[in-house]
Amino acid sequence: MTMVRVDLRRQFEDAGSRADPSPVYAGLRDLGSVLRSKDILGGGFLLPRYEEVSQVIKDPRFASDRRNVGRRSLDQWWTPGMLRLLLSSMVLKDPPEHRRLRNLVQKAFTPCRVAKLAGRVEEITDELLDAAAAKPVIELVGDLALPLPLTVIAEMLGVPPADRIRFRTLFASIQSNSQTTAVSLARNYRRMRELTTFLQELVRLRRDQPGDDLLSDLVHVEEGGDRLDDDELISMVFLLLFAGHETTVNLIGNGVLELVRRPDQLRKLRDDPGLIDTAIEEMLRFINPVGFVAPRFAKEDVEIAGTPIRRGSMVTLLIASANLDETVFPDADTLDITRSPNRHVSFGLGTHFCLGAPLARLEARIAVPALLRRFDHLELAVPADQLPWRRHIALRGVERLPLVVTPAG
Ligand code: HEM
């Protein structure tokens, strides 16, 4: 059987596809359930439809750790710093190692623990909106979507107040646009080293002076005589920053953009603030902050939708495309803030289901209504087709979102 080969990176080269990827995904779903991938993802297979994505993502016959199917580790001297740090994190591990790492942080992210942060998330949101409201045009990403999750995670980790600006500047400067020039790679490398040094100093500080924060817990946690070594600790912190930051920025930034572009949906939410929960779930489905999850590797010969997949093969699961699959979501290309049920897979499923989902939901369900309460009117300050989008193959985010606003009277 010949199978269609797809170069995913090519598909998103033009700005139009980054701004609206749904035609690309629809085209991929039309091509079939299992496609061959030929691009930087390293070949293998691509799954664009909901059914196969939602099955394989939970299927224990697939590994997240490539070493468990006999592939060589990516941890080489030339591996970019960001990837190297992620390699020893739970997202690229399989049970039982995965469970051990996840258990150590799990309790900080239960819905109950996260709900206790609500008051502080509201305060930070209000402070950011106070500063933004003084201007006739706000820039939603820089003014709210970006600093909110970063401040929250910095506080959770116990970054001392005096270091927060440095931390924010450092981390924000590494935001990953698929940068490939020698100069940008060198710059990114330098910043990664600075961030790693910063985190190492923070670990040292919390070892000597424990506080009431997540990092202090992680430094001192012991489970059955087991504890995190320094590399695992840095890698864990980095995962929390990396996995939890840009994704939430994109949820709030892209989500507000889609609302502003659809006055009927915006009006509905203003008229009935009780719709916020279904609205956030629909934003997660529709705006797709994450295009695909970490690749999976077949641990044995398997079949997906009748296609034989050999042991060791790499499979890329396009969760963003699955979320737009008409066979599961009627009118999938329409944003409907009342949609229910909404079985989107934006947070993944199964073993690696997003640890930070309760936190991301909390931040969005506080930030979006606060924005609507603060301003009676919100309107794009530039035509939608001139908005800049991040050049990133896996994450989808508007880079700047200028809005003309009318403060509530
Ligand atoms: C895992 C999406 C926010 C921490 C994941 C996965 C997805 C995802 C799809 C599964 C990866 C896989 O199966 O390979 C998102 C989205 C977010 C978000 C769309 C925001 C809208 C957060 C936040 C945090 C976080 C706020 C923490 C501060 C994690 C961690 C994992 C993860 C630690 C790995 C879990 C594991 O491997 O067991 N996320 N995430 N995420 N996410 Fe999130």
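**Loop between α17 and α18**

I began with Pro341, which sits in the loop between α17 (319–322) and α18. This is a predicted model, so I read every value below as computed. The peptide bond leading from Ser340 into Pro341 is cis, and its omega is near 0 degrees. The loop between α17 and α18 also holds Asp331. I noted a positive phi of about 50 degrees for Asp331, which is not a glycine. Is Asp331 buried or exposed? I found 9 other C-beta atoms within 10 Å, so Asp331 is exposed.

Pro96 belongs to the loop between α5 (81–87) and α6. Ala305 has a positive phi too, near 45 degrees, and its place is the loop between β7 (302–304) and β8 (307–309). Ala305 counts as partly exposed because it has 13 C-beta neighbours inside 10 Å. A reminder to myself on why I flagged these: most residues other than glycine have a negative phi, and most peptide bonds are trans.

**Helix α6**

Next I followed the chain into α6, residues 97–106, where Leu101, Leu104 and Val105 are the buried residues. Looking down the axis of α6, I saw these buried residues fall within an arc of 90 degrees, so they line one face of the helix. What do the buried residues of α6 pack against? Their partners are α13 (214–220) and α14 (230–261).

**Around the ligand**

I met α14 again here. The ligand has 25 residues around it, and Gly244, Thr247, Gly348, Cys354 and Gly356 come nearest. Two elements give two or more residues to this shell: α14 and α18 (357–374). The most come from α14, with seven residues. Sorted by class, I noted 17 nonpolar, seven polar and one charged residues in the shell.

**Strand β9 and its neighbours**

Strand β9 covers residues 314–317. Met314 and Thr316 point one way from β9, Val315 and Leu317 point the other way, and all are buried. I then checked the partners. Strand β3 (residues 45–47) runs parallel to β9 over three bridges, and Leu46 is opposite Thr316. Strand β6 (residues 296–298) is antiparallel to β9 over two bridges, with Phe297 bridged to Met314.

**Val56**

Leaving out residues up to four places away in sequence, Val56 touches Leu47, Phe62, Arg296, Ile304, Val315 and Leu317. Val56 is buried, since 22 other C-beta atoms lie within 10 Å.

**An open sheet**

Last, I traced a sheet of three strands, which is open and antiparallel, in the order β5-β11-β10. Which strands stand at the edges? They are β5 (137–139) and β10 (375–380), each with a single partner strand, so one side of each has no neighbour in the sheet. Neighbouring strands of this sheet are turned by 35 degrees against each other on average, direction ignored. Five bridges link β10 with β11 (residues 402–407), and Phe375 has Pro407 as its bridge partner.

Note on methods:
Residues numbered from 1 in each chain as written. Predicted model: local features only at pLDDT ≥ 70, side-chain atom pairs only at ≥ 80, totals over all residues. Pairing = 2+ DSSP bridges. Helix = DSSP H or I, 4+ residues; strand = E, 2+ residues; numbered from the N terminus. Axes fitted to C-alpha atoms, helices over the stretch in contact; angles between N-to-C directions. Buried ≥ 20, exposed ≤ 12 C-beta atoms within 10 Å, placed from the backbone. Arc of directions from axis to C-beta. Contact = placed C-beta atoms within 7 Å. Near = placed C-beta within 6 Å. Nonpolar A, V, L, I, M, F, W, Y, C, P; charged D, E, K, R; others polar.
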